[in-house]
Amino acid sequence: MQFQQLLYFVAVAETRHFTRAAERVHVSQPSLSQQIKALEQELGAELFSRARGNITLTDAGEALLPLARRILADTETARLEVQELAQLKRGRVRLGATPSLCTGLLPDVLRAFHDLHPGIELLIEEGGSHDLVRELARGALDLALVVLPLPSPSPALTTVELLREDLVVVSSASAPAPRRPVRITDLRDQPLVMFRHGYDLRELTVAACRSAGFEPTFTVEGGELDAVLGFVRAGLGLAVVPAMVAARAGRDLRVTALARPGLRRTIALAHRSDVAPPRAARELQRMLLASRRGRGGEQDQGGKPDRVGEPDQG
């Protein structure tokens with residue numbers, strides 16, 4: 001039994017006409033009829049009744065039809081899977097992420113992805129969640145790492161929670177240590193170095209201060225992530241940053257936990273609901289989701305001394 005014979009059999013079964021079936025599979029009608037006869041001889045049973053020019057399935061043909069369709073479908077699936085695997089040798093992934101995630105989460109994952117698929121071009125766009133959602137919606141990105149809840153819920157996006165991460169307070173290692181652990185109300189009288197508008201971290205920090213009944217005081221504002229950390233190192237004030245960023249910040253920064261309940265952000269992986277991401281993007285998505293084990297999670301917020309260059313884990 002040959003693949004082409006099953007293909008011809010299904011074509012005749014669906015058109016109920018040998019000539020139209022031959023046109024459908026792009027062979028001559030005699031060749032198709034010859035292959036059908038060879039298949040019938042192989043199976044030892046007639047598959048079609050040809051009485052009075054009407055083509056109908058015999059009982060044997062009725063039994064074979066769903067099996068033949070399944071074999072052809074499985075073959076097509078196998079062909080597509082092999083093609084998609086081949087595509088991982090070349091192509092691109094367009095990934096959006098907030099700046100803090102580009103610093104904290106992505107370097108290790110992207111290195112692992114590049115090691116496995118060196119032919120895939122990685123295009124990274126940094127931005128706030130609002131901008132990234134807009135870029136996803138217009139098809140400029142395949143995937144995006146965003147902070148939940150989204151600034152404006154979008155039914156056109158599918159989001160999968162990736163991790164929950166504590167925020168911590170960073171200060172200059174040469175400056176007086178803040179009280180441990182830091183309460184939100186302690187920030188009332190502290191100068192803060194603040195991110196520019198559009199940063200999710202800015203909105204979260206300001207909202208927490210206002211919820212505690214005060215407006216934060218900024219010594220410097222409007223910086224990107226690296227600039228904010230640099231201003232903190234220079235002793236211009238404190239900053240509230242993700243724990244993963246603080247862990248990579250170096251020994252010249254002191255990291256202090258926030259008192260319970262603290263501040264925490266939820267990171268999700270988002271893509272358009274109406275369009276499946278390309279094969280390479282789905283592979284990166286799989287690796288990002290696999291990386292969530294051991295990241296974020298619960299962190300005890302008190303009971304241990306401050307440390308320089310790493311968060312107070314408790």
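**Buried residues, cavities and a pocket**

The model is a predicted one, in which local features need pLDDT of at least 70 and side-chain atom pairs count only at pLDDT 80 or more, while totals for chains, interfaces and linings use all residues. Residues are numbered from 1 along each chain as its sequence is written, and side-chain values use heavy atoms, with hydrogens and water left out.

Asp166 sits in strand β6 (residues 157-172); helices (H or I, at least four residues) and strands (E, at least two) are DSSP runs numbered from the N terminus. The side chain of Asp166 makes a polar contact of 2.9 Å with that of Arg264. Such a contact is a pair of N or O atoms within 3.5 Å; within protein, one must be able to donate a hydrogen and the other to accept it, and residues adjacent in sequence count only if both atoms are side-chain atoms.

Helix α6 (residues 106-116) has Leu106, Val109, Leu110 and Phe113 buried. Seen down the axis of α6, the buried residues fall within an arc of 95 degrees (taken from the directions from the helix axis to the C-beta atoms), so they line one face of the helix. These residues pack against β3 (91-97), α5 (99-104), β4 (120-126), β5 (143-148) and α11 (279-290).

Turning to strand β7 (residues 191-195), this is the place of Val193, which is buried with a relative accessible area of 2%. Beyond neighbours within four places in sequence, the contacts of Val193 (heavy atoms within 4.5 Å) include Val228, Phe231 and Leu238.

A cavity is a set of points, on a 1 Å grid over the protein atoms alone, where a 1.4 Å probe fits but cannot get out; a pocket is an open set with protein on both sides within 12 Å along at least five of seven lines, and lining residues have an atom within 4 Å of a point. Grid points are joined across faces, edges and corners, and a volume is the space filled by probe spheres set on the points. The largest cavity holds about 50 Å³, and its lining includes Thr98, Tyr199 and Arg265. The second largest pocket has a volume of about 150 Å³.

Key. Buried means under 20% relative accessible area, exposed over 50%, partly exposed in between (1.4 Å probe, protein chains only).
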